[in-house]
Amino acid sequence: MDFKIGKGGEVKLIPVFKGSEKIDDFDGLYQFLKEKEIFSAKVGEVYADIGYKGDKVVLIGLGEEEKLTVDSIRKAYYQAGKELMKFKVESIQVEVPEFKNICYIDEIQGMIEGLLQSEYSFEKYLSQKKIKPSVREVYLNIIEGKKAEAIDKAIEEVKNIIDGVFLARDLVNEPAMTMTPKILAEKAKEELEGLGVDVKVYGQEEIEELGMEAFLAVSKGSAQEPQLIVMEYKGNEEAEEKLALVGKGLTFDSGGYCIKPGDSMNTMFTDMAGAAAVIGAMKAIAKSKLDKNVVAVVAACENLISGTAYKPGDIIGSMSGKTIEILNTDAEGRLTLADALWYAVKNLKANKVIDVATLTGACVVALGNINTGAITNNEDFMEEVKKASQIAGEPVWELPNNEEYKELNKGDFADLKNTGGRGAGTITAGLFLGEFVDSTPWVHLDIAGTSYSSKARGYLPKGATGVPVKTLYYLAKNFKNY
Ligand code: BES
Ligand code: MN
Ligand code: ZN
């Protein structure tokens, strides 16, 4: 899709609020549809009059003007995009009037994002393609007097963000056989190096030298070499402040000797969705040339069963020096992340760190696929994350972090144990990670429920959603350099 400011195109896109008495253009059609109760302008409801002799217009429902959000604009224009594809429309004119409660740039960004989102699908392995994007030219009919320069910049930003989101989705949707730790590392290099991101990849020996014993324990049962992927983006040479993004990178999680039943294992090729999200976010950040310093760390490996695999009862070390009793080999994510977080904080000297992980089934039980679970050691930083998530339209829900929960992670024969018992599984898993960041402000996001979906919802497709790439992008954008 190519975006231009001005007039042109075969079909007009007209936003309509619920309950509007009349609309400026095509009011005859609108009155007819209203009277017959064919179109009531609910969010995401679209009426297309396009075919052979049609009016060449799509009315787009935005719901009540008072309740309008950027996310409802995204949803509505996503639906419009789907409709345009049905009719193989190649060029459109998007009407961009001013709305009451939303700033003009946000409104335009919402419209563009919705249209772009409508074109995603993972069809690499389908012999018959399902989705054929048709719209090539989009004319934005903006109000006179609005600064075209600012709008051009806003368009570029959305395109970059969506590039990051689509990259994350593609990485997650790829099966484990074609998304091994090595391939993931290759992809990170391929996608980021050209954008000025420094990507370093460390293999088995170097990981041993670093002393990442927890990470290595998880990887022991696999024939694939583990990879520590470190990505550095320096958008501000003067500033010392540095934000770290750490992503869980299990390219497959069988559960190990505490093996998962088949029904739970069949989506475990997506257990690197955290890694995909941080790689996708780095792409969006670097493409948008944010003036921030951001590093990303992924400890990528597989959790498998073999004669060399780690076992329940093992007592392992970690890069931090803390020892860990293995009560369950399926609680592997927190082990890999323990070393990745320690590395981000101690070796890379990040000032703030956020980790993103498909960490617990308990989070799916608690929050379903709507909210990402969150936990922190610093409420101010949590506020920043919540703000970013709100802009992104990727809701997060903070869970409690009382000292009492931390007690549950204490080991009997080692400093810690890798499961905290039956209750509060998402909280204890999160707080386990908090043991490896020292006093650095830290937020953990559990995306077990939100990163992958068995059905499409709103503008999110079936399969990988790309959540929370947008949140990470906005967090970096608003990150304070002082
Ligand atoms: N990768 C899983 C968590 C998961 C479950 C992600 C469902 C996405 C969907 C994680 O490694 C895991 O197995 N967690 C265990 C922890 C338990 C053994 C303490 C779980 O949630 O069952
Ligand atoms: Mn597991
Ligand atoms: Zn896992």
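Trainee: Is Lys260 buried or exposed?

Mentor: Keep in mind that this is a predicted model. Lys260 has a relative accessibility of 16%, so this residue counts as buried. The cut-off for buried is under 20%.

Trainee: OK, and where does Lys260 lie?

Mentor: You'll find Lys260 in the loop between E9 and H8.

Trainee: What does Lys260 touch?

Mentor: Skipping residues up to four places away in sequence, Lys260 touches Asp253, Ser254, Gly255, Met265, Met268 and Asp330.

Trainee: Which residues does UniProt list for "active site"?

Mentor: The UniProt record, an unreviewed entry, gives Lys260 and Arg334 under that label. The lining of the largest pocket includes Lys260 and Arg334.

Trainee: Where do I look for Arg334?

Mentor: Go to helix H10, residues 333-347, and you'll see Arg334 there. Arg334 has 7% relative accessibility, so it counts as buried.

Trainee: And what does Arg334 touch?

Mentor: Leaving out residues up to four places away in sequence, Arg334 touches Leu359, Thr360, Asn418, Thr419, Gly420, Ala429, Phe432 and Leu433.

Trainee: Which residues does the "binding site" annotation cover?

Mentor: In the unreviewed UniProt entry, that annotation covers Lys248, Asp253, Asp271 and Glu332. They are spread over 85 residues of sequence, yet they cluster in space, with a largest C-alpha distance of 11.2 Å. The lining of the largest pocket includes Lys248, Asp253, Asp271 and Glu332.

Trainee: Let's take Asp253. Where is its place?

Mentor: Asp253 sits in strand E9. With a relative accessible area of 3%, Asp253 is buried.

Trainee: Which residues is Asp253 in contact with?

Mentor: Setting aside neighbours within four places in sequence, Asp253 is in contact with Lys260, Met265, Met268, Asp271, Asn303, Asp330 and Glu332.

Trainee: Changing topic: which residues form a nonpolar patch on the surface?

Mentor: Tyr257, Ile259 and Ile305 do, and together they have about 280 Å² of accessible area. Ile259 is in the loop between strand E9 (243-253) and helix H8 (262-265).

Trainee: Now a helix. Why is H15 largely enclosed by the rest of the structure?

Mentor: Helix H15 covers residues 469-477, and it's largely enclosed because eight of its nine residues are buried.

Trainee: Which residues in H15 are buried?

Mentor: In H15 the buried ones are Val469, Lys470, Thr471, Leu472, Tyr473, Tyr474, Leu475 and Ala476.

Trainee: What about Lys287, where is that?

Mentor: Lys287 is in helix H9, residues 273-287. Its relative accessible area is 31%, so Lys287 is partly exposed.

Trainee: What does Lys287 touch?

Mentor: Not counting residues up to four places away in sequence, Lys287 touches Asn160, Asp163 and Leu195. Lys287 and Leu195 are 92 residues apart in sequence, but 6.4 Å apart in space, C-alpha to C-alpha.

Trainee: One last stop: where is Glu45 found?

Mentor: Look at the loop between helix H1 (27-35) and strand E3 (46-49) for Glu45. Apart from neighbours within four places in sequence, Glu45 is in contact with Ile38, Phe39, Ser40, Leu59, Ile60 and Gly61.

Trainee: How many residues apart in sequence are Glu45 and Leu59?

Mentor: They're 14 residues apart in sequence, and 8.4 Å apart in space, C-alpha to C-alpha.

How values were computed: Residues numbered from 1 in each chain as written. Chains lettered and ligands numbered in written order. Predicted model: local features only at pLDDT ≥ 70, side-chain atom pairs only at ≥ 80, totals over all residues. Heavy atoms only, no water. Patch = residues over 30% accessible without salt bridge, like charges linked within 9 Å, V, L, I, M, F, W, Y side chains within 5 Å. Areas by Shrake-Rupley, 256 points an atom, 1.4 Å probe, with all protein chains shown as cover. Salt bridge = Lys/Arg side-chain N within 4 Å of Asp/Glu carboxyl O. Helix = DSSP H or I, 4+ residues; strand = E, 2+ residues; numbered from the N terminus. UniProt positions renumbered as here; feature names shortened; annotations may be inferred. 1 Å grid on protein atoms, 1.4 Å probe; cavity = no way out; pocket = protein on both sides within 12 Å on 5 of 7 lines; lining within 4 Å. Buried < 20%, exposed > 50% of the residue type's maximum accessible area, 1.4 Å probe, protein only. Contact = heavy atoms within 4.5 Å.
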